[in-house]
Amino acid sequence: MDAFYASVELLRYPQLKGMPVVIGGGRRQADDALLERHEGLALNQIPVADFPLLRDYTGRGVITTATYAARQFGVGSAMGLMKAAKLCPQAVLLPVDFAQYRHYSQRFKAIITGMAPLMENRGVDEVYIDFTDVPGGQRQGGRSLARLIQKTIFDDTGLTCSVGVAPNKLLAKMASEFNKPNGVAIVGESDLESMIWPLACRKINGIGPKADEKLKSHGIETIGQLAARELQWLMDTFGQRTGAWLHDAAWGRDDRPVVTESEPVSMSRETTFERDLHAVRDKAELGGIFTRLCEQVATDLQRKGYAGKTIGIKLRFDDFRSVTRDITIDCYTADAAEIRRLAGLCLKRAPLHKRLRLLGVRVGTLLSAEEAANLVPKMAPGPVEYASAASKTIAKDPLTLDLF
């Protein structure tokens, strides 16, 4: 989907079309005041001049997404809002509305599965489709079906999407970025040299900043340069598994199937603070936040019917360095109090001498609650709870909380 969150907001506020718009931060009083001030007025009639601007934002929030007009100024997802304000101060700033995004996500995915049932869900705004056996799907190399999907989604939702058509998921992912917004790109096996090899290595889904930096240190900046390296050299330099994958990716090889159903690997909750917090001086405040995150994760697990046995924490310090710690137990749990206790043990193993800007809690090694419950007779008794039906309430009095 093209700038999905921003596009959904523009359905609500069409008067902002063509303008730089940034979605991010929490729901702020400025937005509530905006709606109250124009109570009784249709949303599409609110004057543009009355919307909050990015230049007036103060806080620690980050950008969730931005319109293409805003991206031209160098603004992008995961960028701090304060930094973005320096690049594009005139951008309109809107809060996130995840309920609305999920609604439109479900709508466009239902349209796709009605036309091409083999669909892999890749998050709220992206899917893979295997249309090998879709009647008429091969016409014009897949372009006809791609255009039909685009038109049907637009007619139903008013939203646009970009489609990449290729022999596998690796190439289709890259192709989907070629003609944004609302474009279709087709990459065949014979197009590798002309369309894929000139691209930067970072365009391969799975090559992150660190791997890209290492590739550049060896004079490899494009996918073509990566393809020119011998397989053995890549395995010697990056390790056998990673080196073999890099070689296959550079040559456009990917045998991963479209997976229509998949189990979540983990569930987590995290928050970025409005100001940096100190583990000692702000212990009470951090303790309350920590407890709330554990309860939220437990609620997520129970709502979706899972339990886990690897509990971990994530810390990001004021210098933007991050650390993680986790612990694996014998029994599966979705109990808030138990998650809080185990996450607290993880905190004891983390360096807490610097101020914190982010705190997160994660539960991994998931199993369905039903399967976890069936394992109970096989495990030794202990303090760990199994996929409790309802989360226990943890004491909110910060004086009773031991953050460490």
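Helix α14 lies across strands β9, β10 and β11, and its axis runs at about 40 degrees to β9. The structure is a predicted model.

**Sheet**
- Four strands form an open sheet in the order β8-β11-β9-β10, and their pairing is antiparallel.
- The edges are β8 and β10, each of which pairs on one side only.
- From one strand to the next, the twist averages 15 degrees.
- Eight bridges join β9 and β10, which pair in the antiparallel sense.
- Ile313 has Arg325, in β10, as its bridge partner.

**Helix α13: span and orientation**
- Helix α13 comprises 22 residues, 283-304.
- From its first C-alpha to its last, α13 reaches 32 Å, close to the 32 Å expected at 1.5 Å a residue.

**Helix α13: buried residues and their cover**
- The buried residues of α13 include Leu286, Ile289, Phe290, Leu293, Val297, Ala298 and Leu301.
- Glu295 and Asp300 are also among the buried residues of this helix, as are Gly287, Thr291 and Cys294.
- Strands β8 (266-277), β9 (306-317), β10 (322-333) and β11 (356-368) are among the elements that cover these buried residues.
- Helix α14 (336-348) also contributes to the cover of the buried residues of α13.

Terms used
Residues numbered from 1 in each chain as written. Predicted model: local features only at pLDDT ≥ 70, side-chain atom pairs only at ≥ 80, totals over all residues. Heavy atoms only, no water. Helix = DSSP H or I, 4+ residues; strand = E, 2+ residues; numbered from the N terminus. Expected span 1.5 Å × (residues − 1). Buried < 20%, exposed > 50% of the residue type's maximum accessible area, 1.4 Å probe, protein only. Contact = heavy atoms within 4.5 Å. Pairing = 2+ DSSP bridges. Axes fitted to C-alpha atoms, helices over the stretch in contact; angles between N-to-C directions.
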